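Trainee: Before we go through this model, I would like each term set against its cut-off.
Mentor: Then ask for the value and the definition each time.

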Amino acid sequence: MKFLLVFDFDHTIIDENSDTWIVRCAPERKLPNGLRNSYQPGHWTEYMGRVFVYLGDNGVKEDEMKRTMTTIPFTAGMIDLLGFIGENKELFDCIIVSDSNTVFIDWILKASDFHKVFDEVFTNPAAFSSTGYLTVQHFHAHHCAKCPKNLCKRKVLKEFLDKQLERGVSYTQIVYIGDGGNDLCPVMFLKKNDIAMPRQGYTLEKKISQLAQSLSPVQCSVLVWSSATDIMSYLKLLIKK
């Protein structure tokens with residue numbers, strides 16, 4: 001008996017958007033209007049690339065960025081939940097699928113000593129260039145019309161499950177924990193024995209509700225959470241069964 005826990009990162013594990021939090025490093029903690037208005041829907045990664053160039057041009061260094069990022073608060077109850085998962089790793093495989101980037105997630109998980117809880121992190125690859133600028137790339141290419149062009153979370157989940165099956169690992173249940181519009185695509189891939197856990201009041205919950213109202217509900221069960229304590233209660237029931 002093994003369960004797969006799939007976590008989003010921004011507004012799920014942490015209670016903020018890591019990409020907008022970094023703006024605290026900018027002069028006067030804000031971006032110029034021209035840069036802020038340059039975002040085009042579906043092209044967030046390119047936009048963040050321009051933000052990182054702006055920060056680099058203004059002399060913002062890696063250590064300052066790291067200091068700022070590691071002050072991001074976790075969502076309510078999340079520290080207890082991750083501690084609980086860490087104590088029960090023989091029952092839970094745990095992955096992150098996020099539209100953030102490797103540098104931010106790595107900093108935050110290592111600073112809080114939660115990096116060992118997660119078996120794999122799937123997110124946009126980032127690195128500091130020789131000139132000290134943070135650069136970010138697309139996670140992959142895909143053909144899904146529903147998702148931003150740099151990341152289809154359904155494709156990531158499907159490829160991970162296929163790879164695990166090749167290793168002889170299959171899961172009793174998949175628990176998908178997220179909040180955003182880009183979490184709907186993988187949730188629609190889940191089967192009736194799986195469970196989606198959308199964060200209360202966020203886009204994913206609203207989109208799942210809209211599907212139910214238009215009589216094309218998702219196949220899996222749905223359990224809404226507002227604190228990670230709600231998720232922990234469900235997992236405790238799951239392992240008692």
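This is a predicted model: local features need pLDDT of at least 70, side-chain atom pairs count only at pLDDT 80 or more; totals for chains, interfaces and linings use all residues.

Trainee: Which residues does UniProt list for "binding site"?
Mentor: The unreviewed UniProt entry lists Asp8, Asp10 and Asp179 under "binding site". They span 172 residues in sequence, yet no two of their C-alpha atoms are more than 8.3 Å apart, so they gather at one spot. Asp8, Asp10 and Asp179 are also part of the lining of the largest pocket. Under "active site", the unreviewed entry gives Asp8 and Asp10. UniProt positions are in the numbering used here, feature names are shortened, and annotations may be inferred rather than shown by experiment.

Trainee: Why is Asp8 called buried?
Mentor: Buried means under 20% relative accessible area, exposed means over 50%, and partly exposed is in between, with a 1.4 Å probe and protein chains only. Asp8 has 5% relative accessibility, so Asp8 counts as buried. Asp10 is buried too, because its relative accessible area is 12%.

Trainee: Where are Asp8 and Asp10 placed?
Mentor: Asp8 is in the loop between β1 (3-7) and α1 (18-21), and Asp10 is in the loop between β1 and α1. Those element names come from DSSP runs, with helices being H or I of at least four residues and strands E of at least two, numbered from the N terminus.

Trainee: What makes a space a pocket and not a cavity?
Mentor: On a 1 Å grid over the protein atoms alone, a cavity is a set of points where a 1.4 Å probe fits but cannot get out, whereas a pocket is an open set with protein on both sides within 12 Å along at least five of seven lines. Lining residues have an atom within 4 Å of a point. Grid points are joined across faces, edges and corners, and a volume is the space filled by probe spheres set on the points.

Trainee: What is the volume of the largest pocket, and what lines it?
Mentor: The largest pocket has a volume of about 500 Å³. Its lining has 23 residues, with Asp99, Pro148, Gly180, Gly181 and Asn182 nearest the centre. At least two lining residues come from each of β2 (92-101) and α8 (184-187).

Trainee: How does that lining divide by class?
Mentor: The lining of the largest pocket has six nonpolar, eight polar and nine charged residues. Here Ala, Val, Leu, Ile, Met, Phe, Trp, Tyr, Cys and Pro count as nonpolar, Asp, Glu, Lys and Arg as charged, and the others, Gly among them, as polar.

Trainee: What about the second largest pocket?
Mentor: The second largest pocket holds about 210 Å³ of space. Of its 13 lining residues, Leu161, Leu165, Ser170, Tyr171 and Ile174 lie nearest the centre. Two or more lining residues come from each of α7 (153-166) and β6 (173-178), and α7 gives the most, with four.

Trainee: How many cavities of 30 Å³ or more are found?
Mentor: A search of the whole structure finds one. The largest cavity holds about 40 Å³ of space. Its lining includes Asp19, Trp44, Asp99 and Asn101, and α3 (44-57) gives the most to that lining, with four residues.

Trainee: Which residues of α6 are buried?
Mentor: In helix α6 (residues 102-111), they are Val103, Phe104, Ile105, Trp107, Ile108 and Leu109. At the start of α6, a side-chain oxygen of Asn101 comes to within 3.0 Å of the backbone nitrogen of Val103. Just after α6, Asp113 has a positive phi of about 65°.

Trainee: How do you know that Cys152 is in no disulfide?
Mentor: A disulfide is a pair of cysteine sulfur atoms within 2.5 Å. The structure holds zero disulfides. For Cys152, the nearest cysteine sulfur is that of Cys147, 3.9 Å away. Cys152 is buried, at a relative accessible area of 3%.

Trainee: And Cys185?
Mentor: Cys185 is in no disulfide, with the nearest cysteine sulfur, that of Cys147, 3.8 Å away. Cys185 is called buried because its relative accessible area is 4%.

Conventions: Residues are numbered from 1 along each chain as its sequence is written. Side-chain values use heavy atoms; hydrogens and water are left out. A polar contact is a pair of N or O atoms within 3.5 Å; within protein, one must be able to donate a hydrogen and the other to accept it, and residues adjacent in sequence count only if both atoms are side-chain atoms.
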